[in-house]
Amino acid sequence: MTLAVSATVAWQSERNRLLGIAYRMLGDFGHAEDVVSEVAIDAVRQERNIEGGRVDSWPAWLTTVCVRRSIDRVRQLAAIREDYTGPWLPEPVDTAQLPEEAMANRELLSLTLLHLAEQLAPEARAALVLHRAFGMPAPEIADILDKTPAAVRQLISRAERRLDIDPDAPAPRAKDRAVLDKLVQAIEQGEINTVVSMLHRDAVLWADGGGKVKSAMNPLFGASRIARFFAAILGKAVAFDPVEPIRAWVVEINGGAALVLRHNGRADVIEADAAPDGSIRGLRQLSNPDKLTRVSRS
C-alpha cells in the first residue's frame, strides 16, 4: 500500500520542471515564477475541494494547469509587449541559476529560440515546448490542450518549420565557442572589419533597451548597418573612457554561451546565432537593466 502524495509535496517535487515549462512559454523568468506559484495555490484548492474528485496523478495535473496558465499569461503579455519601447527580447538567466529539471535537454532555452517562438500561437508554443524540451508524446499533449493527437502533431510540425528546427535533431547544436572568442577579440581591439567579415550578409541585430538605456529602436538588417552600429558604440566608448573604452567576455546563459559587452558605464548581454558555416546570422543585444538582474556581468 502506498501513501497518497499531498498537493504541496507534489508541487515541491515538480516545481523546477514546471518552471522550465513556464519560462520557455513566456521568455520571462519572473512571470514564470508567478505562474508556478499560482499553480501551487490551484493545487491546494483542488486538494481541499471534496467535490473536485481525487487526483490520480499530481504530476500530470500540475503540468496541465501550468501549461494552461502559461497560455493565458502569454495572451495577457502580448498586449503589453505591443507597447514596449523598441524590440522586445526574452530575459536571460545565468545557466548556473537554472535548476537541472528546468533545463531539461536545453532545447528551446536559447534567447534566439525564445525570441523566435514569440511568433507562434500560444497553443503551438506549448505543444512545441512539451514535445521538444520535455519529450511528451502527442496523445499526452492532446489531453493538456484539449485537442486530438493529430492536431497536436500538426501544431508541432508547423512550429518546427516556422522556427527552422530540425525535427530529427534531439537537441540544439552548441554555439561555436571559437566564433564568440574571435568576436570578443575583434570588439575589444576595435577591429570593425573583422566583425563585418564574421557577419552573414543578411544578418540581423535586435537591441532591447526597453526605453531605459539608449539602443537601436528597430532591428538592423545587413552586415554593413550592424558594423556601423558597433563602430558608433566604439566611438562613444572611447570618448567615455579613453584608457579602457570597451571590454567583452564570454558567459554562460540559458544553457549556452553569450557575450557581455561593457562600455559607456554599462554592460550588455549579446547572444550570437551562428549559421552552419560559422557566420553570424543574428545578434540579440540585451541592454534593459530590468532584464539583466539574473545575469552576472561583473
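This is a predicted model: local features need pLDDT of at least 70, side-chain atom pairs count only at pLDDT 80 or more; totals for chains, interfaces and linings use all residues.
Strands of a sheet pair through backbone hydrogen bonds, in either a parallel or an antiparallel manner. In this model, six strands make up an open sheet with mixed pairing, and their order is β2-β1-β6-β5-β4-β3. Its edges are formed by β2 (220–221) and β3 (246–253), each of which pairs on one side only. Helix α9 (residues 177–188) packs on the sheet, where it touches β3, β4, β5 and β6 (280–286). The direction of α9 makes about 160 degrees with that of β3. Within the sheet, β4 (residues 256–263) and β5 (residues 266–274) run antiparallel and are joined by five bridges. For a spot to look at in the structure, H263 has R266 of β5 as its bridge partner. Helix α11 (residues 223–240) lies across β1 (199–208), β2, β3, β4, β5 and β6, and runs at about 50 degrees to β1.

Turning to the helix pairs, two packed helices are described by the angle between their axes and the distance between the axes. Helix α2 (residues 29–48) packs with helix α3 (residues 58–82) at an angle of about 135 degrees, the axes being 9 Å apart. The two helices are therefore oblique to each other, and their crossing is right-handed. On the α2 side the contact includes H31, D34, V35 and E38, which, with others of that helix, meet a set of α3 residues that includes W58, W61, L62 and V65. By class, the residues of this contact are nine nonpolar, three polar and six charged.

In the pair of W58 and W61, the ring centres are 5.3 Å apart and the planes stand at 75 degrees, so the arrangement is edge-to-face. Because W58 and W61 are three residues apart in helix α3, about one helical turn separates them.

Helix α3 has a further partner in helix α7 (residues 138–145): their axes come within 9 Å and cross at roughly 60 degrees. This angle therefore makes α3 and α7 oblique to each other, and the crossing is right-handed. Here T63, T64, V67, R68 and I71 of α3 meet D143, I144 and L145 of α7. The contact of α3 with α7 comprises four nonpolar, two polar and two charged residues.

Definitions and conventions: Residues are numbered from 1 along each chain as its sequence is written. Side-chain values use heavy atoms; hydrogens and water are left out. Two strands pair if DSSP finds at least two bridges between them. Helices (H or I, at least four residues) and strands (E, at least two) are DSSP runs, numbered from the N terminus. Contact means heavy atoms within 4.5 Å. Axes are lines fitted to C-alpha atoms, for helices over the stretch in contact, and angles run from 0 to 180 degrees between N-to-C directions. Angles under 35 degrees count as roughly parallel, over 145 as roughly antiparallel, 65 to 115 as roughly perpendicular and the rest as oblique. A crossing is left-handed if the near helix is turned anticlockwise from the far one by less than a right angle, and right-handed if clockwise. Ala, Val, Leu, Ile, Met, Phe, Trp, Tyr, Cys and Pro count as nonpolar, Asp, Glu, Lys and Arg as charged, and the others, Gly among them, as polar. Rings of Phe, Tyr and Trp (its six-membered ring) pair if their centres lie within 6.5 Å; planes under 30 degrees apart count as stacked, over 60 as edge-to-face and the rest as tilted.
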